[in-house]
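Subject: A structure for you to look at

Hi,

Here is the structure I promised to pass on. Have a look at it first, and then read my notes below.

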Protein chains: 2
Amino acid sequence: MKADALRGHLDPMILAVVEHEPLHGYAIMEALLERSGGELDLPTGTLYPALRRLERAGYLASEWSTVGGRKRRTYQLTSAGQKMLASGKQEWLTFRAVVEGVLRPGQA
Amino acid sequence: MKADALRGHLDPMILAVVEHEPLHGYAIMEALLERSGGELDLPTGTLYPALRRLERAGYLASEWSTVGGRKRRTYQLTSAGQKMLASGKQEWLTFRAVVEGVLRPGQA
DNA sequence: CTTGATAAGTAGATTCGCTACATGTTGCCT
DNA sequence: AGGCAACATGTAGCGAATCTACTTATCAAG
């Protein structure tokens, strides 16, 4: 999967992963890997800046903790984040319809 | 629809539009608009550079003509472009599965 | 005591879609 | 005659997000 295919689609995916339970960065990486069937293996240089960006934008809130001598920054969805996630899901449906309308994958 | 959602997905869409008939730039724009149900209204600053990029990459070949006093540059798919389109369609299916596996849109 | 997994981060490059601008033709409307 | 919408193609430069490569640190297993 090409790198910039992800562009603009990563944010809702991250938000979706912390929708029902707060997770720290590393755990978010693992959750994305698992939910995508091993396809979505984000480099840390992608994920951590993305998390900071989403927090700065008000969609996530973070809190530090220490577990087994390791520091964790745990992120949870804010209410703005919930709204963003909902609209992100909606936009995904639109986007999918656009691409498939143009590609017409049935007519290969 | 956000701008960079398109990133990496525009190329196969352009190739798809000229798959069965060669078209000039303006007609490609119209075809994308029509096939997407009016959603995909590309600015010329996006389309024309993309076409040149795809030609430089060997996926499209172009030819000038004049119709009704207007100059047209008509693009057609090369055999490399056909292969690229086929793999682009396949990648789209993978990408869609990844996003939907993470988003789980049924569980809103 | 070295390696791999856990954990978080930054700096800098690259890429590509965007805005804004530039140029010219045809045909319709007033 | 004048003007505007549609047709047709293009460039310059910006911005944002993902990537590669690097840094730091702890813990467990061998």
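Which element gives the most to the surface near DNA strand D? It is α3(A), with six residues.

Before the rest, some housekeeping. This is a predicted model, where local features need pLDDT of at least 70, side-chain atom pairs count only at pLDDT 80 or more, and totals for chains, interfaces and linings use all residues. Residues are numbered from 1 along each chain as its sequence is written, while chains are lettered from A and ligands numbered from 1 in the order in which they are written.

**Chain A on its own**

Chain A has four helices and three strands. Here helices (H or I, at least four residues) and strands (E, at least two) are DSSP runs, numbered from the N terminus. Starting at the N terminus, the order of elements in chain A is α-β-α-α-β-β-α. The C-alpha atoms of chain A fill a box of roughly 55 × 30 × 20 Å along the principal axes.

The strands make an open sheet in the order β1-β3-β2 (chain A), with antiparallel pairing. Two strands pair if DSSP finds at least two bridges between them. β1 (23-24) and β2 (60-67) of chain A are at the edges with a single partner strand each, so one side of each has no neighbour in the sheet. Between β2(A) and β3(A) there are eight bridges, in the antiparallel sense. You can trace the pairing yourself: A:Thr66 has A:Lys71 in β3(A) as its bridge partner, and A:Glu63 stands opposite A:Thr74 in β3(A). β2(A) and β3(A) form a hairpin with two residues between them, and A:Gly68 in the turn has a positive phi of about 60 degrees.

How many residues does the contact take from chain B and from chain A? It takes 31 residues from chain B and 31 residues from chain A, where two residues are in contact if their C-beta atoms, placed from the backbone, lie within 7 Å. On the chain B side, α1 (10-17), α2 and α4 (79-103) each supply at least two residues. The side of chain B that touches chain A has 16 nonpolar, six polar and nine charged residues. For these classes, Ala, Val, Leu, Ile, Met, Phe, Trp, Tyr, Cys and Pro count as nonpolar, Asp, Glu, Lys and Arg as charged, and the others, Gly among them, as polar.

**What is buried**

Of the 108 residues of chain A, 31% count as buried. A residue is buried if 20 or more other C-beta atoms lie within 10 Å of its own, exposed if 12 or fewer, and partly exposed in between, with C-beta atoms placed from the backbone.

Seven of the eight residues of α1(B) are buried, so this helix is largely enclosed by the rest of the structure. Among the buried ones are B:Met13, B:Ala16 and B:Val17. The cover over the buried residues of α1(B) includes α4 (79-103) of chain A. Leaving aside neighbours within four places in sequence, A:Val102 is in contact with residues including B:Met13, B:Ala16 and B:Val17.

**Back to the DNA**

DNA strand D is surrounded by 32 residues, and A:Ala3, A:Gly45, A:Thr46, A:Gly69 and B:Gly25 are the closest. A residue is near a strand if its C-beta atom, placed from the backbone, lies within 6 Å of it. The residues near DNA strand D divide into twelve nonpolar, ten polar and ten charged.

DNA strand C has 31 residues around it, the closest being A:Gly25, A:Gly45, B:Gly45, B:Thr46 and B:Gly69. By class, the surface near DNA strand C has twelve nonpolar, ten polar and nine charged residues.

Cheers
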